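Please have the sequence and the model at hand while reading.

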Amino acid sequence: MDTKSLSSLVAFGAAAAAAGLTIYFLTRRTQEEEEKRTSQGAVMAFSSFDEAPDENTVFIYFGSQTGTAEAFAKDIATQAEERQLEAEIIDLEDFNPKVLAKQKYAVFLVATYGEGDPTDNAVAFHKWLTNKNTEADLSPLLFAVMGLGNRQYMHFNEMAKKVERHLSRFGARNICKRGEGDDDQDIEADFNDWSSKHLWPALERAFRSPSAVASPKMGATPVSSNIPPWAKKAPLKIKFLDKNAPTPPPPAKGVTGTDTHARFYFHSKIVPVAVDRELRQVADSHAGLTTKHVEFDLSSARTPPGVPSGSSDTETDSSSPAAAGRGGASPGRREGGLTYHTADNLDVLPENETAVVEWFAERLGVSKQLDSLICFEHGFGSEDSGKRPFPTPCSVRYALTRFCDLCGLPTKSQLRDFAHFVQDDEEKEALLELLGEGGVRAFRKHVKEPELSLREFMEIFMTSAEFDLAAFLQLCPRQKPRPYTISSSSVESPTQVAVTVSRVANDLPPLKPHLQSLKDDGLLPALDASKLAEISERARTFRGVCSSFLCCRLDHSPAVQVGVKQSSFRLPEDPKVPIIMVAAGTGLAPMRAFVRELRHRRQVGGPSSCPSEVVLFFGCQHEEKDYIYKDELQAALKDGILSDLVLAFSRLQAEKVYVQHRVKEHGKRVVELCSKGGYLFVCGGTAMGRSVREALEEVSVAETGSSTLVDQMGEERRIVEELWA
Ligand SMILES: Cc1cc2nc3c(=O)[nH]c(=O)nc-3n(C[C@H](O)[C@H](O)[C@H](O)COP(=O)(O)OP(=O)(O)OC[C@H]3O[C@@H](n4cnc5c(N)ncnc54)[C@H](O)[C@@H]3O)c2cc1C
Ligand SMILES: NC(=O)c1ccc[n+]([C@@H]2O[C@H](COP(=O)([O-])OP(=O)(O)OC[C@H]3O[C@@H](n4cnc5c(N)ncnc54)[C@H](OP(=O)(O)O)[C@@H]3O)[C@@H](O)[C@H]2O)c1
Ligand SMILES: Cc1cc2nc3c(=O)[nH]c(=O)nc-3n(C[C@H](O)[C@H](O)[C@H](O)COP(=O)(O)O)c2cc1C
């Protein structure tokens, strides 16, 4: 297979994600600006088309929080290009109803969060869409929708359903079946299936003459032979800088637009670690049995190095290049503060382990330049070709440590991008089998099921790859910040924010049987025998990147890059409103924040300022091993901050006892408090959240004869959940 046919591997794919929701205080448009934009849309009647609709372009809108929808949008743009169609990606943050009214073909890729809510970047769009006063004539528009969601949540793909319903209300016509991406299973496969079986056939029909749409010629991008096939996705070059040289201006303007993660990199802050302590009575951090209480000092927040002052990257960088030279957290500028509200979310940018960074540096051939400074400069194409994917100048080490997801499970799309760099024909053959159109089953069997890491994939299938550093830094999925529910009270400690983190860890079986099955299927490239033996026998473990960073490596990283997002957890102001809290494991975080806030309220306003009925259900494994914040909870009960503390120790007896069992046991009291207008807060794993809701329905039926109470609480938003898979 030649390089040209190898370039046909480019396309389809996704970056999967851990997640979070709601608003970055520092990045969002102001409320006022939002209102202005959406109200303009709401009152506008789109009867006058002074310009004909754009009939030659497929507009791809995305609503994304953690980058998956955005990655799919990029894949559709590539697919359009392969069919020689114009495509334009639009961040829903930049949605303009007047513009939509002039478009003919639009694809919407929208993720759902919370109670069927939009992502941050789709809030204004959602408001415009669902506002009953919105008048719009979208009759020229032909659209397709794919939802990104997770069946574990109650409101599966609700945003996509709303988009479909409301666009139809405005006269737009849906051209194909709605895509239903389920992150609980294989969302990349859902996307590939939908785009190939539904979206493209429908778009081809919609363009009327099928011949108007060329058959896909993957990788048909290069304009001239000097431009490599990956240049479209990785348009910038890098330049090594002299440490003392003045910093050149950034190559591109605007960090918003189509880059979800760049927003975080440019707008979050670096804060020092103030407290780092183990919460478990018995901990074994190596085995993953560790839960840490970590506090950050917000009063010393600094702008990350490489980020221009005022966070507008049209300006010249002013931070010293030397500041970003080391791999650890560098000082940056001390500027601006970071504020939070009790039980908000703290987004934390993890750092990859040094050993991982050094392995990749070696593989990329840049070990000797790890501490050299780089910046981006104009690359292929026009002067304005591309935004900076992350702040520069910084060292190569800094970029690999913080901005590259080197440990996540690689997606097919990512691997196709990297496949361009493979030199050896035999390796190219194996890659085509795995990553090509026909390789769905082979990819699942040989890459997904054994949970091959990027490193393992490169060691087995890409030994001959010669990577270009600039391209690697741009094509590698961006490191995602992970959300943690804040476990401190902003009224008690406004400048010190706490999170409660448990390490994610599990062991993986050795690769020996998988390598054998690869060989049996004729897909194992010729590897050096000793290397093959080493990979076969190697002990494999999976350790979560961010939880390991926070639980085990803060002594090496005394400052961490974070951002604050709003959550839906808010204590009712009215002290007469009862509160029920249900939490398992680290789900205790927001409840601990509430308990501290209530204690503070009582200290300031006296007993009448706090509710007298505050019930906490808490589940962990052992009373003497992982009962986190035990002393604080017992003191809260003793002091009357909590009226009831109901514990579920799952492993103290032969049968598992979970919080949902305790909710059922205390059904009468729970229903009584809910009937009095009480709030139910639930936090922890999604499976636990679902079982707690079912338990509530069961006790409601048992006590009142119907589940109306639960429906009513749902409508009044008195059931507040923060669940993660
Ligand atoms: C709103 C919200 C609030 C949260 N609050 C808290 C909290 O208070 N405390 C807390 O401890 N956590 C919390 N989390 C979870 C937290 O955000 C992170 O998801 C968690 O710490 C794991 O991140 P990690 O980087 O350690 O793991 P990651 O490196 O992101 O790995 C976890 C994911 O990797 C994937 N994976 C599985 N196997 C492998 C493999 N072999 N190789 C590579 N990847 C694999 C899976 O998708 C898995 O979910 C919250 C999550 C959300 C959405
Ligand atoms: N996305 C992530 O990577 C991530 C990161 C951190 C936590 N989590 C999830 O968040 C939750 C809390 O994690 P953690 O490490 O803090 O706590 P944990 O130790 O895993 O669990 C806390 C308690 O919850 C119990 N539990 C397990 N499954 C349950 C269920 N279906 N319903 C009710 N209780 C259940 C556990 O019992 P047993 O262990 O005895 O079954 C234990 O007693 C877990 O569901 C975990 O999977 C996810
Ligand atoms: C805190 C949280 C809440 C979520 N709520 C929902 C939900 O209500 N309905 C749903 O279908 N999916 C829900 N999801 C799943 C996401 O929509 C899904 O992971 C999606 O792929 C994210 O896409 P993105 O990376 O583009 O943001 C939730 C995920 C998280 C982390």
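Helices here are DSSP runs of H or I of at least four residues, strands are runs of E of at least two, and both are numbered from the N terminus.

This is a predicted model, in which local features need pLDDT of at least 70, side-chain atom pairs count only at pLDDT 80 or more, and totals for chains, interfaces and linings use all residues. Residues are numbered from 1 along each chain as its sequence is written, chains are lettered from A and ligands numbered from 1 in the order in which they are written, and side-chain values use heavy atoms, with hydrogens and water left out.

**Ligand 1**

Glu 451 has a positive phi of about 55°, although it is not a glycine. Its relative accessible area is 32%, so it is partly exposed. The classes are buried under 20%, exposed over 50% and partly exposed in between, with a 1.4 Å probe and protein chains only.

A residue is near a molecule if one of its heavy atoms lies within 4 Å of it. An N or O atom in the side chain of Glu 451 is 2.7 Å from a nitrogen atom of ligand 1. An oxygen atom of ligand 1 lies 2.6 Å from a backbone N or O atom of Pro 483, and a polar side-chain atom of Ser 547 lies 2.6 Å from an oxygen atom of the ligand. Taken alone, ligand 1 exposes 980 Å², of which the protein buries 80%. Accessible areas come from the Shrake-Rupley method with a 1.4 Å probe; for residues, only the protein chains shown count as cover.

**Ligands 2 and 3**

Ligand 2 is surrounded by 18 residues, and the closest are Thr 586, Ser 650, Arg 651, Tyr 658 and Ala 725. Strand E21 (614–620) and helix H23 (686–704) each give at least two residues to its shell. Around ligand 3 there are 23 residues, and Ser 64, Thr 66, Thr 68, Thr 112 and Asp 183 come nearest.

| Residue | Residue atom | Ligand atom | Distance |
|---|---|---|---|
| Cys 620 | backbone N or O | oxygen of ligand 2 | 3.0 Å |
| Ser 650 | polar side-chain atom | oxygen of ligand 2 | 2.7 Å |
| Gln 660 | polar side-chain atom | nitrogen of ligand 2 | 3.1 Å |
| Tyr 113 | side-chain N or O | oxygen of ligand 3 | 2.7 Å |
| Gly 114 | polar backbone atom | oxygen of ligand 3 | 2.8 Å |
| Asp 183 | polar side-chain atom | oxygen of ligand 3 | 2.7 Å |

The protein covers 94% of the 650 Å² of accessible area that ligand 3 has on its own.

**Strands and loops**

Strands of a sheet pair through backbone hydrogen bonds, either parallel or antiparallel. Two strands count as paired if DSSP finds at least two bridges between them. Three strands form an open antiparallel sheet in the order E7-E13-E14. Strand E7 (237–241) and E14 stand at the edges with a single partner strand each, so one side of each has no neighbour in the sheet. E7 and E13 are joined by five bridges, and Ile 238 stands opposite Phe 376 in E13.

The loop between strand E13 (373–377) and strand E14 (394–395) contains Pro 393. A cis peptide bond joins Thr 392 to Pro 393, with omega about 5°.

Notes
A polar contact is a pair of N or O atoms within 3.5 Å; within protein, one must be able to donate a hydrogen and the other to accept it, and residues adjacent in sequence count only if both atoms are side-chain atoms.
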